[in-house]
Amino acid sequence: MTLERAVTDYKAKTPRSRQLFEEALRVMPGGNSRTTTFFDPYPFYITRGEGARIWDADGVERVLGHANPAVVKAIQDTAVHGMSFPGPSEHEIRLAESLTTRIPGMEVVRFANSGTEATMHAVRVARAFTGRAKIAKFEGAYHGTHDWVLVSVAPDPASAGSRKRPKSVAWSAGVPPMVLKHVVVLPWNDADACAKILEKQGSDIAALLIDPLLANAGMIPVREGFLEKLREVTARLGILLIFDEVISFRVGRGGAQERFDIQPDLTTLGKIIGGGLAVGAFGGRAEVMNYYDPRDGKGRINHGGTFNANPLTMAGGVATMDQLTPEAYARLDALGDRLRDGVRRLLRKKGYAGQITGVGSLFWLHHTKKKLSDYRSARPDDPQATARTFLALVNEGVLLSQRGLGACSLAMTDADVDRFVETLGRVLN
């Protein structure tokens, strides 16, 4: 199937969404408020979710996973008593207790409203604690939309320097040139090259921010010893190691740091810890996080936010964490393994130039057979393959991210996983 045919089929199935998009264009730039969920010719508009399904404005059903009953009930029960207050609630304490118990490197935690806010505050407190101005991140890594992390997220390799010494490249208009001078970009999976760069500039670097799955760049498998080397080098140089677990926290009860047995200095969270509501969190070593302690007027960093730790989000988060037991993670691992194994068999059978990566419930479909080592190696052989496959799956009732990232949920069954594999087999060409 060509991309043009997929677009034609999509338009035929989504006339109401097209009408809503035209209405949205009159009141919002580009007709949306979230660039990462937009796709051409227009996104479908979601009306409801139940179990492992969502429905759009045209009544089309798709596999996703949404609206967990226990989480919905917890939020509803809380909303009856008030949705937001100018002060804390007990729900905040209970969610904080759950997270600090689960996550090896999190002694204390604070809440925000998004993963972007979480990484922004983690970077700020790292600078305050170390007295250093620069941060380091990996080429291809996404950590939100504040200026300090909008660097080398998806650069054109032709203008991004060498593989071993990537250049800092702005990912957005409006990022000041000064930012590029204060963000050091590292190559994924090259421990020796990272060590050399960090040792050369270490006295100026406050923190190394890392997504341990490199999810935005294709969920590239981490090489043995790579994370351990980064932990050793950062500790030796006094650089705070920040694990961005906004996505990777779903791969284990204590996140990727528990799975890989690496303890960072700080951790950032979002997404699943709020039960589907807007949320962010950051925490770690108490001596670092105490820069936010406001007692006796001694707080060295101000942290405001009208909806920080609001009771609805906190209650939804507690209900979600209560369900994510070791048994639940074992089930998620089994679903993820079943899906990845099924896709591998499919790709071999069809002789398709692709591969699948992932950990636990997460997976990424790649349209290349090149050996995957970093952001640059994961670029598809056919530039249209990713968009073509995404839209063809949408037309068949299966929702994957536009980039190829997907996730299994506890609402899904083995039959849902098998349906994904079967549907993928029909649309790949």
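Reply: Helix α3 (residues 69-79) and helix α11 (residues 311-323) pack with their axes 8 Å apart and at an angle of about 150°, where helices (H or I, at least four residues) and strands (E, at least two) are DSSP runs numbered from the N terminus, and where axes are lines fitted to C-alpha atoms, for helices over the stretch in contact, with angles running from 0 to 180 degrees between N-to-C directions. That angle makes α3 roughly antiparallel to α11, since angles under 35 degrees count as roughly parallel, over 145 as roughly antiparallel, 65 to 115 as roughly perpendicular and the rest as oblique. The model is a predicted one, in which local features need pLDDT of at least 70 and side-chain atom pairs count only at pLDDT 80 or more, while totals for chains, interfaces and linings use all residues. Residues are numbered from 1 along each chain as its sequence is written, and side-chain values use heavy atoms, with hydrogens and water left out.

The crossing of α3 and α11 is right-handed, a crossing being left-handed if the near helix is turned anticlockwise from the far one by less than a right angle, and right-handed if clockwise. On the α3 side, Ala70, Val71, Ala74, Ile75, Thr78 and Ala79 meet Pro311, Leu312, Ala315, Gly316, Ala319, Thr320 and Gln323 of α11, contact meaning heavy atoms within 4.5 Å. The residues of this contact between α3 and α11 divide into nine nonpolar, four polar and no charged, with Ala, Val, Leu, Ile, Met, Phe, Trp, Tyr, Cys and Pro counted as nonpolar, Asp, Glu, Lys and Arg as charged, and the others, Gly among them, as polar.

Another pair can be set beside this one. The axes of helix α7 (residues 191-201) and helix α8 (residues 226-237) come within 10 Å and cross at roughly 15°, and α7 and α8 are therefore roughly parallel to each other. Their crossing, too, is right-handed. From α7, Ala191, Cys194, Ala195, Leu198 and Glu199 meet Phe226, Lys229, Leu230, Val233, Arg236 and Leu237 in α8, and the residues of that contact divide into eight nonpolar, no polar and three charged. Within α7, Ala193, Cys194, Ala195, Ile197, Leu198 and Gln201 are buried, that is, under 20% relative accessible area, with exposed over 50% and partly exposed in between (1.4 Å probe, protein chains only). What covers these buried residues of α7 includes β4 (134-138), β5 (183-186), β6 (205-210) and α8.
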